[in-house]
Amino acid sequence: MSRPFVGRHDELAALGIATAQARDGQSSLVELRGAAGTGKTTLIRHWLSCPELKRSTVLRAACDQAERDHPFGMMGQFISQLPIDIRAQFPELVANLERGIPARIGAAFLQLLEVLQISDLLIIVVDDIQWADLASLQALGYALRRLHTGSLLMVFSAREEEPVSEYLCRLMRDYPNVRRLALSGLSEREVAELARYHEMSLEWHDIRRLHAYTAGNPLCVLILLSHHSHQATDRIDDLLATPPSLTAAVRQKLDHLPSRSRRLVEASAILDSQQPLALVGQLAGLDEVTAALEPALTAGLLRWWPEVPSTLIAVSHALHRDAIYSAMSPEDRRRLHAAAVPLVDRDASWRHRVAATDTADAGLAAELEQEALRQFSANGGRAATLLLWAADLSESRHMREKRLLSAAVGLQLRLDFAGAERLLSAVRACAACGLRSAVLGAQAAVHGESEVAQSLLSEALDFRQPESDDATVAAHLGLGRLHAWWGRGSELIETADRIGHPTDVTLKTFATYFRCAGHVYLHGPQAGLDQLEQSADIPLGIAPTSAGHDFLLAHRGLWRLMSGDFEKSITDAESALQLSPSNSIARVDDVSYYTMSAAQFFLGKWEDAGINAERAILEAEAMKRTWSFAPSRIAAALVAVGRGEFERAHSLITDLDRITSQYGPEQYIVYSATAAAFLAQAREDYPAMLTAIAPLLNQTVTGWVLAYQSWWLPFLVEALLETGHYDEAEHHLTVLTALEGTMPYLRAARARLSGRSAETRGDFALARQTYKQALEEDSPQDPPLFRALLAEANGSLLKRMGRRVHAAASLRQAAERFEAIGARPFAERCFRALTALGSMPGRAEHGDSCGSRLTDREWDIAQLISRGLTNKEIAAHLYVSTKTVEYHLGKTYLKLGISGRRQLRDYMRRHPGAGEAR
């Protein structure tokens with residue numbers, strides 16, 4: 001008898017609408033949420049059986065709580081369903097998947113999805129996505145954020161009683177077309193329909209009692225009805241008099257199975273994952289496994305995947321598995337877990353060894369602790385799980401709490417504060433000790449409770465107990481992270497001195513970072529870079545491979561960003577991201593991504609800046625790195641302003657203010673102030689610009705305010721000049737001029753403001769000379785935006801001087817530069833000025849000047865097209881989607897005044913050096 005399907009008409013209609021939208025090219029995401037047993041999987045299975053989906057391609061994964069620590073487990077399920085010929089086209093998704101980097105796996109998966117979309121509709125289904133591993137989510141998110149259009153439909157199911165990761169929440173919140181469906185219990189009428197299906201003639205008031213008893217949960221109703229359909233009774237009292245627990249119902253099912261089928265079901269429950277039928281049969285001690293399978297399938301206790309060569313089987317539902325497991329005697333469970341140890345791989349064997357132990361086991365606990373230490377560098381989440389098991393097997397409270405606290409410290413050491421957060425209740429229950437205070441202090445810092453954190457971490461240093469050395473190290477590291485977040489330079493250097501010069505690579509790395517960051521906050525970014533260069537025991541080559549190098553590389557890239565060395569900052573960030581996670585003490589991909597995004601903003605690569613800002617935001621939120629919430633958003637805000645997306649920019653600036661207020665430190669106002677000043681500049685609202693920057697004038701120029709001084713100081717000078725505060729403007733212009741000596745990228749900005757200062761004094765000749773000289777130098781270190789603003793200022797001055805022809809030429813040059821980077825409001829400002837001059841901007845003719853107007857990405861694509869590559873091949877080469885290639889191609893055609901690939905290839909042949917003139 002197949003399982004009946006009743007109700008869910010509204011949900012099926014919603015899925016039908018989403019299907020139609022996806023077929024029309026509007027990618028859709030449907031989230032199904034409901035309690036365990038509400039029929040999420042059954043609803044999806046019924047929907048997929050609809051005839052109109054017969055030609056669709058379906059990729060499906062079922063996540064498991066026991067596998068959430070295993071990187072790319074969900075992604076591996078998708079890949080395993082592909083035909084061999086398709087898999088052969090994507091070797092990166094097959095070989096060494098577990099050691100992959102999410103962005104790379106995501107890029108390869110993106111290409112796969114584009115291939116699968118060619119024929120009809122592509123459907124991605126993930127059951128119990130709340131248990132998905134983070135690496136798979138990051139890779140999937142990378143691909144999905146680039147497939148907003150196309151015939152793609154995603155359906156995610158999640159248990160409402162299980163928390164969903166912040167990363168997944170962000171992904172679904174930002175996706176443009178999301179439909180959320182909440183599955184509740186069945187109605188009384190639908191429960192009655194199920195009863196009739198099981199040939200039970202219940203009165204309506206009995207139906208009502210059954211509905212009230214089960215809350216309409218389909219699984220509970222089905223188990224009860226299935227159980228009693230064999231009893232030939234229609235009496236509701238008999239139905240409800242039987243123990244109502246799921247365990248009792250499943251036990252009855254088990255009792256009706258042949259002995260060999262029951263043994264197979266119990267073995268599958270022990271393994272608790274999809275496993276080959278032969279292996280499950282071996283654990284069950286069966287010679288004839290196939291014969292034992294049929295009754296278990298008929299009873300609905302097992303599922304199977306006969307299309308897989310090894311014939312995978314698993315318990316049909318997590319609730320069934322728990323009920324089966326509870327129905328087994330403790331001795332049977334212990335015996336089967338012990339028997340499973342040699343049948344599974346080493347990593348999986350730890351769970352079975354722990355479950356096979358019915359008393360405290362100091363030896364096994366010590367083994368688990370050693371294995372955890374071995375795995376910490378590669379998989380901190382798994383290591384924490386092993387330590388927690390070790391804690392449970394410890395013979396004394398002291399050892400149990402020490403291992404629990406060590407798990408928390410280890411997660412914090414790897415900056416996985418989201419993982420440590422899950423242990424807080426158990427940590428608080430531990431006896432007072434240095435490690436406990438260190439853990440609680442570090443978590444308090446994450447919540448923005450600076451004073452509480454400082455108190456707890458200082459308290460950890462005062463303990464004098466056997467584990468005081470560990471507590472002291474944890475406290476120093478916690479205090480160092482707190483000082484780094486709050487921009488306290490002197491305290492950071494003091495913490496580094498207290499750590500000293502350890503041989504442990506983790507401590508050495510953090511001590512070096514604390515000392516260098518302290519110099520950044522006290523003397524500026526170049527001082528920190530100089531300090532890092534002096535750390536000869538930590539060599540940093542182009543592609544270092546030693547543990548800790550990715551951490552220092554990421555921060556060197558950040559400090560280079562602050563100093564205006566944008567190209568090298570990107571190189572450092574990219575190198576840090578490329579290093580293997582197994583060679584890392586603490587991945588800081590959030591730092592690398594927001595460094596890249598800000599550097600790309602200054603370099604005029606705004607599309608890439610937006611993409612990497614999004615990655616930074618997601619990475620920071622997924623790992624609960626609250627100190628990265630603000631810096632990860634700054635480039636996104638700046639790009640939104642530059643593009644004229646003022647509503648989005650205002651929303652991001654408000655978000656930055658909220659983050660600073662909620663988590664601190666006060667110095668983080670530098671982010672929202674800088675973004676708000678840029679927004680005011682785009683709107684030519686100079687009083688608003690001064691208001692935006694004003695809070696920084698109340699701060700001591702140290703810490704983050706000093707580190708980012710070169711970002712906000714030009715806005716301050718401009719605001720003061722344009723609002724008539726000339727003396728103050730001159731003072732700050734002097735500071736800006738001094739900064740230019742160590743930060744050459746400020747040259748164009750300083751020249752523009754110096755010229756504008758001369759204009760305010762009526763010295764037009766000096767202003768003209770200043771602009772002209774700066775424009776003639778054309779330094780490659782000038783950010784494109786700064787260069788365009790300089791040309792605009794020059795054009796505006798020439799207009800005031802009555803030199804209309806020269807003014808039009810300079811304004812047209814500024815407009816072209818603004819257009820090249822996508823600075824729409826600034827370009828429109830130039831167009832308005834040109835219109836006022838009676839010189840409407842016209843489309844440029846073919847020639848090298850057109851090639852120089854192409855962005856880096858447009859030029860890269862043009863070059864690849866000249867080599868004969870297809871859009872798909874270009875997308876694979878650049879790790880973008882074909883839609884992105886098509887978008888850039890359209891902009892290239894418009895700028896060059898052409899209409900096709902052949903004309904573009906002809907242009908590239910005629911102007912081989914055009915790219916060098918850009």
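D128 is buried, at a relative accessible area of 17%, where the cut-off for buried is under 20%. This and everything below refers to a predicted model. D128 sits in the loop that runs between strand β3 (122-127) and helix α6 (134-144). Its backbone stands out: the phi of D128 is near 55 degrees, which is a positive value in a residue that is not glycine. Most residues other than glycine have a negative phi.

L415 is another such case, with a positive phi of about 65 degrees although L415 is not a glycine. The loop that holds L415 lies between α21 (397-413) and α22 (417-421). L415 counts as buried because its relative accessibility is 4%.

A further backbone feature concerns a peptide bond. The bond from G664 to P665 is cis, with omega near -10 degrees, whereas most peptide bonds are trans. P665 belongs to the loop between α35 (646-663) and α36 (669-682).

What about residues inside helices? F514 is placed in helix α28, which covers residues 505-523. With a relative accessibility of 0%, F514 counts as buried. Which residues does F514 touch, leaving aside those up to four places away in sequence? They are H476, L477, G480, R481, L492, I493, T495, A496 and I499.

A340 is found in helix α17 (residues 330-340). A340, too, counts as buried, at 0% relative accessibility. When residues up to four places away in sequence are not counted, A340 touches L271, L283 and H352. From A340 to Q282 the distance is 9.3 Å, C-alpha to C-alpha, and the two are 58 residues apart in sequence.

The next topic is how helices pack against each other, with two pairs as examples. Helix α43 (residues 784-800) packs with helix α44 (residues 804-821) at an angle of about 160 degrees, and their axes are 8 Å apart. That angle makes α43 roughly antiparallel to α44, because angles over 145 degrees count as roughly antiparallel. The crossing in which α43 passes α44 is left-handed. On the side of α43, the contact is made by P784, L785, R787, A788, L789, A791, E792, N794, G795, S796, L798 and K799. On the side of α44, the residues are H806, A807, S810, L811, Q813, A814, R817, F818 and I821. Sorted by class, the contact of α43 with α44 has 11 nonpolar, six polar and four charged residues.

The other pair is formed by helix α32 (residues 589-602) and helix α34 (residues 631-643), which pack at an angle of about 25 degrees with their axes 8 Å apart. This makes α32 roughly parallel to α34, because angles under 35 degrees count as roughly parallel. The crossing of α32 and α34 is left-handed. Helix α32 contributes Y594, S597, A598 and F601 to the contact, and helix α34 contributes P631, S632, A635, L638 and V639. By class, the contact of α32 with α34 has seven nonpolar and two polar residues, and no charged residues.

How many disulfides does a search of the whole structure find? The number is zero. For a disulfide, the two sulfur atoms would have to be within 2.5 Å. C433 is also buried, with a relative accessible area of 10%.

Finally, the chain as a whole. The protein chain has 50 helices and eight strands. What share of its 918 residues counts as buried? The share is 58%. Contacts can also be sorted by how far apart their residues lie in sequence. Among contacts between residues at least 6 apart in sequence, 67% join residues at least 24 apart.

How values were computed. Residues are numbered from 1 along each chain as its sequence is written. This is a predicted model: local features need pLDDT of at least 70, side-chain atom pairs count only at pLDDT 80 or more; totals for chains, interfaces and linings use all residues. Side-chain values use heavy atoms; hydrogens and water are left out. Axes are lines fitted to C-alpha atoms, for helices over the stretch in contact, and angles run from 0 to 180 degrees between N-to-C directions. Helices (H or I, at least four residues) and strands (E, at least two) are DSSP runs, numbered from the N terminus. Angles under 35 degrees count as roughly parallel, over 145 as roughly antiparallel, 65 to 115 as roughly perpendicular and the rest as oblique. A crossing is left-handed if the near helix is turned anticlockwise from the far one by less than a right angle, and right-handed if clockwise. Contact means heavy atoms within 4.5 Å. Ala, Val, Leu, Ile, Met, Phe, Trp, Tyr, Cys and Pro count as nonpolar, Asp, Glu, Lys and Arg as charged, and the others, Gly among them, as polar. Buried means under 20% relative accessible area, exposed over 50%, partly exposed in between (1.4 Å probe, protein chains only).
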